[in-house]
Amino acid sequence: MQPRAQVELASCDSVMDGATTHRIAVSLVGGRIKQGGQDTEQLPPTASSIQKYQPLATPLMVDAADPFLLPTPLAGVADYRGRPVYRSTSGGWRSALFVVAVEIAGSFAYFGVSANLITYLTGPLGHSNASAAAAVNAWSGTASLMPLLGAFLADAYLGRYPSIILACSLYVLGYGMLALSATLPALRPTCTAVDSLSGCRPGWAQVTFFYVSLYLTALAQGADKPCGLAFAADQFDADHPKERASRGSLFNWWFFCMAVGISVAVSVVGYIQENVGWGVGFVVPCAIVLCAFAVFLLGTPTYRVYAPRSSSGSSSPFSRLARSLLLLLLAKRSEDDEREEDARCVLRLLPIWATSLAYGVVYAQIMTLFNKQGRTLDRRVAGGALELPPAALLALGPASILLFVPVYDRAVVPALRWATGRPSGLSMLQRVGAGMATSLAAVAVAALVEARRLETAREHGLVDSPGATVPMSWAWLVPQYAMMGVADVLAVVGLQELFYDQMPEVLRSLGLALYLSVMGVGGLLSSLLISLIDGLTGRGGADSWFADNLNRAHLDYFYWLLAGLSAAELALFLCFARSYVYRRSNAIILYRK
């Protein structure tokens with residue numbers, strides 16, 4: 001008696017339209033297809049013969065002596081040329097790692113520039129502390145808001161793969177121009193002062209070329225950031241149990257990999273900028289993104305590229321969403337229940353987005369005021385043989401992320417899973433709330449440390465010596481950096497997963513753009529707050545909270561203000577989180593090993 005096996009295959013029609021699969025009894029006997037016990041025809045090695053019999057209601061019998069069985073193409077996905085793709089030759093970690101490589105390079109370049117940008121602005125470009133902090137926050141805010149435009153173009157017109165290609169091209173152009181601005185004599189600022197106290201000011205053409213270069217990188221972020229993580233997640237099939245589990249791990253380890261790139265950037269690139277030169281310090285990020293672009297292109301044959309799904313012909317998913325939102329606002333019922341549910345999902349996320357903005361304001365201080373704070377402290381290590389550059393202190397945050405992610409994934413989550421009964425330990429909103437509480441504690445600690453630094457400066461008569469080193473170790477800053485790192489693991493990863501998972505499938509790039517806009521709007525709000533407070537507290541010739549002489553400034557007051565805003569934000573967030581209803585998942589787990 002010949003062996004029999006039962007397999008589940010999808011007909012060619014069901015591959016195209018996503019219909020349910022047919023269960024087919026298969027037996028291999030003498031190389032012939034049998035239907036209801038009758039020979040029908042010899043099995044040829046083509047998909048057309050298989051397609052002819054797959055939709056039949058009665059079982060098909062296939063010979064075991066001929067082990068040939070064509071693989072079924074994956075539904076709704078193709079390669080970059082629109083050809084069918086198969087599970088065994090596409091997607092999974094093998095493809096996602098190429099995407100991770102280009103995203104690590106993007107983070108490396110961005111933070112390699114932004115981590116020490118305030119030093120460059122107050123040095124060679126001659127900005128004041130307040131104007132430099134406002135400029136950095138405005139740029140970082142723009143870089144985090146541009147993904148909203150990038151997500152719209154990717155989801156409605158370009159697609160994620162072409163958007164990443166565009167982003168890589170803009171990265172190379174922007175960072176290349178930035179390198180030229182610091183190396184070519186005609187473009188390089190001639191100021192050599194450490195800060196703006198010298199009164200040195202570069203020419204307008206030099207400043208303009210620098211800012212055009214800088215904002216080109218922000219434009220590249222807009223094309224890259226909403227698509228990178230979404231495209232990496234696209235490489236895992238949500239309807240396949242093993243691949244769905246891998247996709248769940250992607251979010252945690254994605255952030256871990258980003259932390260690796262950030263740690264290397266702020267320490268190595270920051271050291272090069274301070275000790276070798278700004279030109280070389282800007283050339284390194286350009287070289288890294290150029291190499292990563294080449295690596296990304298190498299993975300092209302393995303990528304799974306999803307075409308935008310439209311339930312109403314060729315109309316844009318944004319236009320369908322807009323119509324559904326309008327009907328909801330007018331209290332009218334939509335004829336399409338799926339569209340109405342999608343619109344409700346987006347509306348439910350908006351209060352969560354709004355109550356996360358104070359977190360973005362606190363996050364913006366890491367690259368600006370935390371940096372200036374560390375510059376005044378004693379940064380000597382190894383018995384005084386080496387002095388850390390201020391930007392190197394920013395590596396403390398990513399270092400805490402590198403330590404906390406494995407602990408959270410391997411120890412905290414299992415413990416919380418046992419306590420709560422949830423597979424993820426904490427729900428997505430609980431994770432975000434825990435991160436917000438941690439950031440509140442971090443900014444309060446920063447206020448206490450700054451108050452201690454000011455007191456030490458007064459005790460040693462350094463109030464009117466802005467260039468002197470305050471005899472206080474850099475280690476005092478470790479807690480605030482480490483706590484912000486832990487807050488990022490909780491809140492940032494939680495927001496990533498929430499805005500990807502809860503958005504309609506065709507708008508997931510927009511979902512990740514909304515998450516990024518939390519940091520963008522937070523940066524812009526921080527810039528507005530700093531400019532407003534600097535003007536109010538510096539009236540009549542008084543020392544403002546952000547005076548160029550930090551020993552006469554009051555960053556501690558600003559930190560306490562942020563702590564109050566964070567507390568109010570957390571209270572509002574908890575109110576909205578309690579009433580939030582999670583979107584139903586369309587994924588069906590077929591089996592579990």
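These legends walk through a few close-up views of a predicted model. Local features are described where pLDDT is at least 70, side-chain atom pairs count only at pLDDT 80 or more, and totals for chains, interfaces and linings use all residues. Residues are numbered from 1 along each chain as its sequence is written, and side-chain values use heavy atoms, with hydrogens and water left out.

**View 1. Helix α15 and the glycine that follows.** Helix α15 covers residues 428–459, 32 residues in total. (Helices are DSSP runs of H or I, at least four residues, numbered from the N terminus.) From its first C-alpha to its last, α15 reaches 47 Å, close to the expected 46 Å; the expected span is 1.5 Å times one less than the number of residues. After α15 comes G461, with a positive phi near 65°.

**View 2. A salt bridge between D234 and R160.** The closest N and O atoms of this pair are 2.5 Å apart. D234 belongs to helix α7 (residues 204–234) and R160 to helix α6 (residues 160–181), so the bridge ties together parts 74 residues apart in sequence. A salt bridge here is a side-chain nitrogen of Lys or Arg within 4 Å of a carboxyl oxygen of Asp or Glu. D234 is buried at 9% relative accessibility, and R160 is buried at 14%. (Buried means under 20% relative accessible area, exposed over 50%, partly exposed in between, with a 1.4 Å probe and protein chains only.)

**View 3. R380 paired with D378.** These side chains form a salt bridge at 3.0 Å, N to O. R380 is exposed, at 52% relative accessibility.

**View 4. A linked trio.** Salt bridges join E103, D224 and K225 in a network.

Note on methods:
Helix = DSSP H or I, 4+ residues; strand = E, 2+ residues; numbered from the N terminus.
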